[in-house]
Amino acid sequence: MSFLSELKRRNVFRVGVAYAIAAWLLLQIADLLLDNTNAPSWVIQSLFVVVGIGFVFALIFSWIYELTPEGVVRESKVPRDDSVTAHTARKLDYVTIALLLGAVTYLVLDRFVLEPPVKAAAPMTAESVAAETAAGEPAAPMAEPNSIAVLPFSDLSEAGDQAYFSDGIAEELLNLLVRVDGLKVASRTSSFAYKDESRSIPEIAAELKVANILEGSVRKAGNRVRITAQLIDTRNDRHLWSETYDRDLVDIFAIQDEIATAIVSALKDQLGVQATADAIVVEAATSNLDAYDLYLKGRTLFTARQDIAVAIQLFEQAIALDPNYARAWEGLAAAEAVADDWILGDGIDHIPLAI
């Protein structure tokens, strides 16, 4: 019997397929939950590693052991005539079908249910709360003073092709503000849902239940960048702070550090937010700006689940420029993990590439 036939007989392929679908479903749910709880990025990264290691062990286990009516037994100790691998194969087929139904259900829920349209609401003030209470109507909860949402920055580049870069700037600032003690930050999923929306700042603040909004714009031309950012107190539509930065793209992380420091300083002066210097120190993920640019392009495509094959190529190009760029490796692993569901007909098994 050939090695391939033996793999089929021992249900190694079936175990691999069932595990891959279950792992994908688990990671999608985990990514949704963690993204909405502002969990640190290392949590999902660690989960990717654990799932990848588990995949290898599942294949090894299915090769060495067989599930019999008497329990788990080493395959070598089961007489060929007494083997029940065919019966186990049917059970695995049922499990795989059930997991596929679960995956399809998740995709439908994710597309049509988990992100329903939000009805606009008027911003709450102390006066409106008092008025509704006096009238006997329940008042919507007021936003906490030390709360903020970071909206996607507008792309003002002449060609209008730098949205991925402006989104990357806004996302990095959001990740920095999450580290500040005493500051409640709306999740990326919630705040970035307003990209290209024409709603007013008070409407957005009311829906996100935040008292402050950070918005801005990015104009990138060659090796020069102009970043404008403004912090707005949405309760009275007052600008707490605004600044424009014209810089050479020598160290984009230093620019992010400078902006985040100014934002926290403004919040500290206006709202009494306490922050340590360590909370707003930006760690340079890479010294290669071209690699960073490629990473942002790949991440934008991956997050939108568009052109996953192109996203994989962009992550690979970023890694080629900087082999130590951990975020690019993380992006590549995440893209490969979902590629089988988004890239059809390329003849590549992407799951092992994600490990």
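These are my notebook entries on a predicted model of a protein chain.

**Entry 1: the whole chain**

I started with the overall picture. I counted 12 helices and 8 strands in the chain. Next I looked up burial, and found that buried residues make up 40% of the 355 residues. I also looked at contacts with a separation of 6 or more, and 60% of these join residues 24 or more positions apart.

**Entry 2: helices H11 and H12**

I turned to a helix pair with this in mind: two packed helices are described by the angle between their axes and the distance between the axes. At what angle do the axes of H11 and H12 cross? I found roughly 160°, with the axes coming within 9 Å. H11 covers residues 308-321 and H12 covers residues 326-342. An angle over 145 degrees counts as roughly antiparallel, so H11 and H12 are roughly antiparallel to each other. I noted the hand of their crossing too: it is left-handed.

Then I listed who meets whom. From H11, I wrote down Ile308, Ile312, Phe315, Glu316, Ala318 and Ile319. Their partners in H12 are Ala328, Trp329, Gly331, Leu332, Ala335, Glu336, Ala339 and Trp342. Sorted by class, this contact has 11 nonpolar, 1 polar and 2 charged residues. I kept one handy reminder beside the list: an α-helix has 3.6 residues a turn, so residues three or four places apart point the same way.

**Entry 3: helices H6 and H10**

Which residues of H6 meet H10? I found Tyr164, Phe165, Gly168, Glu171 and Glu172. On the H10 side are Tyr292, Asp293, Leu296, Lys297, Arg299 and Thr300. By class, I noted 4 nonpolar, 2 polar and 5 charged residues for this contact.

**Entry 4: strand E3 and its partners**

I moved on to the strands. E3 (residues 144-150) runs parallel to E6 (residues 210-221), and 4 bridges join them. To find my place in this pair, I used Glu144, which stands opposite Val210 in E6. E3 also pairs with E5 (residues 184-185) in the parallel sense, over 2 bridges.

How many bridges does the pairing of E7 and E8 have? I found 10, in the antiparallel sense, between E7 (residues 224-233) and E8 (residues 238-248). One facing pair I picked out is Val225 with Arg247 in E8. The two strands form a hairpin with 4 residues between them, and Asp237 in the turn has a positive phi of about 55°.

I stopped at Asp233, which lies in strand E7. Is Asp233 buried or exposed? The cut-off for buried is under 20% relative accessible area, so Asp233, at 4%, counts as buried. Leaving aside neighbours within four places in sequence, I saw Asp233 in contact with Ala211, Asn212, Arg238 and Leu240.

**Entry 6**

H8 (residues 201-208) is mostly covered, with 6 of its 8 residues buried. Those buried residues are Ile201, Ile204, Ala205, Ala206, Glu207 and Leu208. What covers them? My list includes E3, H7 (188-191), E6 and E7.

I then checked the loops on either side. Asp196 sits in the loop between H7 and H8. Its phi is near 65°, a positive value in a residue other than glycine. Asp196 has a relative accessible area of 74%, so I marked this residue as exposed. Just after H8 comes Lys209, with a positive phi of about 60°. Lys209 lies in the loop between H8 and E6. I marked Lys209 as partly exposed, because its relative accessible area is 47%.

**Entry 5: Leu67**

Last, I looked up Leu67 in strand E1 (residues 65-68). How far apart in space are Leu67 and Val84? I found 7.8 Å from C-alpha to C-alpha, while the two are 17 residues apart in sequence. Not counting residues up to four places away in sequence, Leu67 touches Val72, Val84 and Thr88.

Note on methods
Residues numbered from 1 in each chain as written. Predicted model: local features only at pLDDT ≥ 70, side-chain atom pairs only at ≥ 80, totals over all residues. Heavy atoms only, no water. Axes fitted to C-alpha atoms, helices over the stretch in contact; angles between N-to-C directions. Parallel < 35°, antiparallel > 145°, perpendicular 65-115°, else oblique. Left-handed = near helix turned anticlockwise from the far one by under 90°. Contact = heavy atoms within 4.5 Å. Nonpolar A, V, L, I, M, F, W, Y, C, P; charged D, E, K, R; others polar. Pairing = 2+ DSSP bridges. Buried < 20%, exposed > 50% of the residue type's maximum accessible area, 1.4 Å probe, protein only.
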